[in-house]
Structures are given as C-alpha cells and as structure tokens.
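Open your viewer and get the selection tool ready.

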Amino acid sequence: MNSPISEGQGVLAGFFGILATDCSIFPIHFEKWLDLPVTTFNRCYDRFIKPRFCFRTTESNARRYVYNSMCKKWGARRLKLFDKVYDPLKSRAEIMDSVPLGIPPDQWISYVDYRFKEKTHEICKRNAEIRKKQIVSHIGGSKYNSRRRAEMMVETGLKSGRGQLYLATHRNKDRSYVNEAAKEICEKIEPVLSQSTVDESEISPNDTIGKVLGKEHFGRVRCLGLGAVPGRAFRQTRPHYSDLNASSYNNGSCFSQCQKKYNQMLNAHNQIQENYREMMNINTQMMNANTQMMNAFKVHMIMKEGRIPEEFAGIFVSPPHSTVRKVHNFLI
C-alpha cells in the first residue's frame with residue numbers, strides 16, 4: 001500500500017515530527033496546511049528527506065506520503081501549543097502575549113488571531129460534536145497499520161486483510177473487547193471472516209470490512225491508515241471468480257457465451273478492416289484524379305502564361321526550363 005513498515009517507519013515518523021514542528025521551515029501562522037506554498041514542502045523534502053531516506057516506491061508516492069504525514073504532525077503541533085496556553089479567563093491580548101518558547105511572536109499572534117475568529121470557533125464546535133459520536137475506541141496507539149500488518153504477517157506467516165487488522169486493534173491481549181461498541185462490530189466481523197470463500201488479505205470494497213461497515217467515505221479507507229484513499233486502495237481490485245455459480249461451468253454456458261461474444265467481436269473487427277480498405281481505395285482514386293487535374297491545370301497555365309504566375313506559387317512548384325520546353329514540344 002506504499003506505506004513504510006518495520007522499525008524504519010518509527011524513525012521516519014520521528015524525523016518528520018522534528019521537521020514539521022520547526023517554525024523556521026513550516027510557519028504556524030497559516031490558517032491551514034494547504035495554504036502553505038507547495039515550494040516550502042518541496043524544498044524541505046529535497047533538502048532534508050530525500051538525501052537521508054531511500055523510498056522503495058515511486059517519487060510521487062513517497063512525496064504524497066511525506067506530505068500527508070507532515071500535514072498531520074503540523075496540525076497536531078499547533079493544537080498542542082494553543083491548548084497549553086489557552087485559558088478561558090484570559091483575554092485575546094493576554095494569550096497573544098503568552099508566546100511559547102521557540103515560536104516567533106509574529107507567527108504566534110497571527111495564529112491566535114485565527115483561533116479567535118468566529119469561523120474557527122464554529123469549526124472547533126462541529127469537530128467536538130463529531131468526536132462525541134466516535135464511541136468505538138481501539139488499542140492501535142501511534143503505530144501505523146502498515147507496520148502492524150507486516151508484523152502480523154511475520155508472526156503468523158499469513159498476509160492479513162482489513163478484517164484481521166480491525167480485530168487486532170479492537171481486542172485486548174486477553175482477547176476481550178475494548179468496549180461494548182467495538183464488541184458489537186467485532187462479533188459481526190468474525191463470522192463473516194470465518195465463512196468467507198475469498199482471499200480476505202486482498203484489499204477490496206467487498207471484503208469483510210466493506211460488508212460489515214459499509215461503503216468508505218471520501219478521503220480515507222478503514223484500517224489502512226495515513227494516506228489511503230478509495231481511488232488508490234481499490235483501483236487494482238479484481239472480481240472474485242470463486243463467487244460465481246459453479247453450475248455455469250458444468251453446463252458449459254459460460255464458455256459458449258464467451259465464445260459467442262468473441263465471434264461477434266471478431267466479425268465486427270473484420271468488417272471494420274474491410275470498410276477501412278474500401279475507404280483507402282476510394283481515397284487513392286480521389287488522390288489520383290486530383291493529381292491528374294492539377295497536372296492538366298499546370299500545363300494549361302504554362303501554355304497560356306509561359307510560366308506559373310506568382311499568385312499560384314503556393315500551389316504549384318515551377319517546373320524546370322527543360323520541362324517547359326518538353327511540354328511545348330509535346331503540345332506542338
């Protein structure tokens with residue numbers, strides 16, 4: 001899934017945290033991460049990250065992962081700074097004066113000004129309401145699921161899918177569930193997972209998680225962690241042929257239908273080729289007729305004017321003098 005695994009992921013995440021929280025590299029006074037000039041990120045990536053880490057993936061995938069990771073850490077850092085200083089009994093000016101250590105005063109003042117905007121208050125209130133609805137807790141901690149998935153494969157010798165990852169992050173070591181909400185979902189996942197006849201290690205919108213929890217929302221895929229989106233995670237999904245009715249193979253109807261479709265496509269292809277050949281023949285005839293007409297017109301102009309007039313220079317190329325003499329001799 002183009003995500004780091006093993007202990008290297010921890011080293012990478014720690015280094016990203018150092019860079020993302022450095023105000024001299026990524027200032028905090030921008031309202032959101034997307035407002036930062038992309039050249040700021042590219043300069044950081046090319047100067048600090050690319051020379052130190054080797055990504056076994058494409059350049060675009062590596063940059064996208066680093067960009068998303070730094071976005072998350074940059075935002076978390078700003079929230080932590082404000083929560084540490086904020087006091088409902090303090091005025092806006094007093095909070096602006098409480099500049100955290102290592103933060104430039106101008107950046108802090110701009111950030112506090114943003115936090116006191118009415119629009120920002122509405123966003124914070126809405127986010128708080130959304131968090132209240134998230135009643136299913138997990139024991140995943142800060143470890144990325146890509147790393148956890150790799151560790152599970154080393155431990156069991158089997159590749160884990162989203163269903164196994166969900167169970168692993170919502171059950172304690174004694175196999176008890178983290179809470180009742182998680183228990184309710186896990187008890188739905190377990191029978192679907194045990195009765196599945198397809199390879200559940202394949203990430204698919206129709207795997208166990210997709211069947212139990214429903215369609216994914218835009219911008220994220222459950223159990224895959226940072227940077228995973230439906231368009232990329234599911235684009236290589238293939239149909240599970242084991243879901244087909246076996247009787248269709250026994251009576252040969254599937255093969256006969258495929259053969260019929262193939263013959264229809266082959267006939268259509270042959271007809272297209274035949275039509276193309278006819279069009280090429282007609283085009284050749286028209287080109288020959290046009291050439292003959294232009295040659296006759298050229299001879300007429302030479303006989304009448306003794307040369308090709310300048311206004312027709314773009315149409316005709318004046319023949320050599322010997323050619324004109326031959327034309328005269330031929331006509332005489």
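**First stop: a salt-bridge network**

Select lysine 50 and glutamate 59: the two form a salt bridge, with their closest N and O atoms 3.6 Å apart. The term salt bridge here means a side-chain nitrogen of Lys or Arg within 4 Å of a carboxyl oxygen of Asp or Glu. Before going further, note that this is a predicted model, where local features need pLDDT of at least 70 and side-chain atom pairs count only at pLDDT 80 or more, while totals for chains, interfaces and linings use all residues. Residues are numbered from 1 along each chain as its sequence is written, and side-chain values use heavy atoms, with hydrogens and water left out.

Lysine 50 is partly exposed, at a relative accessible area of 43%, and glutamate 59 is partly exposed as well, at 36%. (Buried means under 20% relative accessible area, exposed over 50%, and partly exposed in between, with a 1.4 Å probe and protein chains only.)

**Second stop: a buried pair**

Which residue does arginine 162 meet in a salt bridge? Select aspartate 207: the side chains are 2.8 Å apart, N to O. Arginine 162 lies in helix 8 (residues 162-169) and aspartate 207 in the loop between helix 9 (180-195) and helix 10 (208-213), so this pair ties together parts that are 45 residues apart in sequence. Both arginine 162 and aspartate 207 are buried. Across the model, the salt bridges number 12.

Next, display the aromatic side chains; a search of the whole structure finds 12 aromatic pairs. Rings of Phe, Tyr and Trp (its six-membered ring) pair if their centres lie within 6.5 Å; planes under 30 degrees apart count as stacked, over 60 as edge-to-face and the rest as tilted. Zoom in on phenylalanine 15 and phenylalanine 53, a tilted pair at 5.5 Å centre to centre with 50° between the planes. Phenylalanine 15 sits in helix 1 (residues 6-20) and phenylalanine 53 in the loop between helix 2 (38-49) and helix 3 (59-85), 38 residues apart.

Then select Phe26, Trp33, Phe41, Tyr45, Phe55, Tyr67 and Trp74, which ring pairs link into a cluster. Finish with phenylalanine 82: arginine 115 lies over its face, 4.1 Å from the ring centre. (A charge sits over a ring if NZ of Lys or CZ of Arg is within 6 Å of the ring centre and within 35 degrees of the ring normal.)

**Last stop: the whole chain**

Zoom out and colour by secondary structure: the chain has 14 helices and zero strands. Helices (H or I, at least four residues) and strands (E, at least two) are DSSP runs, numbered from the N terminus. Of the 332 residues in the chain, 29% are buried.

How many disulfides are there? The count is zero, a disulfide being a pair of cysteine sulfur atoms within 2.5 Å. Select cysteine 71 and cysteine 186 to end the tour: cysteine 71 is partly exposed at 30% relative accessibility, whereas cysteine 186 is buried at 0%.
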